[in-house]
Amino acid sequence: MREIYLDNAATTRVHPQVAEKMMDTLVNNYGNPSSLHRLGIKGEQAVKEVRELIAKNLRCQAQEIYFTSGGTEGNNMIIQGVVENKKRNRMRIITSAIEHPSVLDVFTFYENHHIEVVVIGVDAQGHIHLDELATAINEDTILVSIMGVNNELGTIQDLKAIGKIVKAANPKCVFHADFVQGFMKIPVDVKACELDALTLSGHKIFGPKGVGAVYIKKGTDIKPLVRGGGQESNMRSGTENVPGIVGFGEAIRLRQESFMGEHQEIQNLRNYFIKEVTAKVEDIKINGESNGSPYVLNISFNRVRGEVLLHSLEAKGIFVSTGSACSSHKKEKQYVLKAIGLAEEYKEGTIRISFSKDISKDDVDTTVEAIAQTVTGLRLLVKPRRK
Ligand SMILES: Cc1ncc(COP(=O)(O)O)c(C=O)c1O
């Protein structure tokens, strides 16, 4: 059975060229980048090249990039690093209601440790209320953390406008964005957005899992989370994941020329999916922003359970998800749908389709047909019996 993989926001399949480069690094570039001999220098050079590549794509300096074990660590590193560095009597930190758990959980942790946490609400499309943000920032505010692209809805926040609001209200406040779902999919300019910190991850762009990076603007006060040998300019100790970093770099290299063009192709595919599914299945809702990230499509089916639909599609070789993979183990699974005010009868029947360049129009036809069949069958089962 041919597999149709539509869960690319959860993770992507490693590109063969990425795997090849990683294998070569594992076998031939195995020195510790901290070693003084030439094998160490060769490893250090490989890491340096990827650092420069990321900096070029973010339009910042190479010294402002630090490697991590992925998006979760990156978000923790920035949020905890800012809070632990300040340790003032009165501190306020601000985020949005639809952040990834690797942001929201850290905020909840601090809320329980007597730090004032403000969670900004969103509209029906998932855009944060900018006026709410503007009034929430005061002189005690040390951090604003707002994601660039939402992982469940694909909604894109206006980071430039947010940056302007943050810095106008309190120039000393650190502005951070989780950009895990946006990197190498939509362009970002950290300077134009007045960002002090940005989180990236490798496995959403055909790179390996367990590697990522953060941008930290020069001069931003952040306490390191992981201490030890002083790697990554003392910001993140531990021997560098050289094969992972090289793989991340190759994934970026493979996308940097093509992602702007790919964007339109994926947009066309997403539009086609919406047109077909709307024509073939009644009583559905497309959630999120129509001009958001084309890579994510969030659909709710009334009178269907998302999980049942997911497994029925899986039996046909089609892989989708309900909400985000990262929060599927959590108690409050549907906090994003709740935040956009989705009606109760649609919430349970929500799936996320996330595209990649490997998906064709034929795949969309097959998937929509399978959804139409399954949804019709499931709805027959739940239809109340006639007397
Ligand atoms: C928006 C967002 N932030 C952070 C993460 C966590 O990244 P990682 O899986 O690299 O820890 C994810 C992963 O799904 C994500 O979608």
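**View 1. Strand β7 (residues 197–201) pairs with β8 in the antiparallel sense over 5 bridges.** The model is a predicted one, in which local features need pLDDT of at least 70, side-chain atom pairs count only at pLDDT 80 or more, and totals for chains, interfaces and linings use all residues. Residues are numbered from 1 along each chain as its sequence is written, and side-chain values use heavy atoms, with hydrogens and water left out. Helices (H or I, at least four residues) and strands (E, at least two) are DSSP runs, numbered from the N terminus; two strands pair if DSSP finds at least two bridges between them. Thr 199 of β7 stands opposite Val 214 in β8. Strand β2 also pairs with β8, running antiparallel to it with 4 bridges. Here Ile 65 has Tyr 215 of β8 as its bridge partner.

**View 2. Strand β8 (residues 212–216) is mostly covered.** Of its 5 residues, 5 are buried, where buried means under 20% relative accessible area, exposed over 50%, and partly exposed in between (1.4 Å probe, protein chains only). In a regular strand the side chains alternate between the two faces of the sheet. Both faces of β8 are covered, with Gly 212, Val 214 and Ile 216 on one side and Ala 213 and Tyr 215 on the other.

**View 3. Thr 199 makes a side-chain polar contact with Asn 75.** The distance is 2.8 Å; a polar contact is a pair of N or O atoms within 3.5 Å, and within protein one must be able to donate a hydrogen and the other to accept it, while residues adjacent in sequence count only if both atoms are side-chain atoms. Thr 199 counts as buried because its relative accessible area is 0%. Neighbours within four places in sequence aside, the residues in contact with Thr 199 (heavy atoms within 4.5 Å) include Gly 71, Gly 74, Ile 78, His 176, Asp 178 and Ala 213.

**View 4. Helix α4 (residues 101–111) has buried residues, among them Phe 107 and Tyr 110.** Pro 101, Ser 102, Val 103, Leu 104 and Val 106 are buried as well. The cover over the buried residues of α4 includes the helices α3 (71–86) and α10 (335–339) and the strands β3 (92–96), β4 (116–120), β5 (141–145) and β6 (174–178).

**View 5. Asp 365 in helix α12 (residues 361–382) is joined to Tyr 272 by a side-chain polar contact of 2.6 Å.** These two residues are 93 apart along the chain, and their C-alpha atoms are separated by 9.2 Å. Not counting residues up to four places away in sequence, Asp 365 touches Tyr 272 and Glu 276. Asp 365 counts as partly exposed because its relative accessibility is 31%.

**View 6. Lys 347 lies in helix α11 (residues 344–347).** Lys 347 counts as buried because its relative accessibility is 9%. Residues up to four places away in sequence aside, Lys 347 touches Gln 334, Leu 337, Lys 338 and Leu 342.
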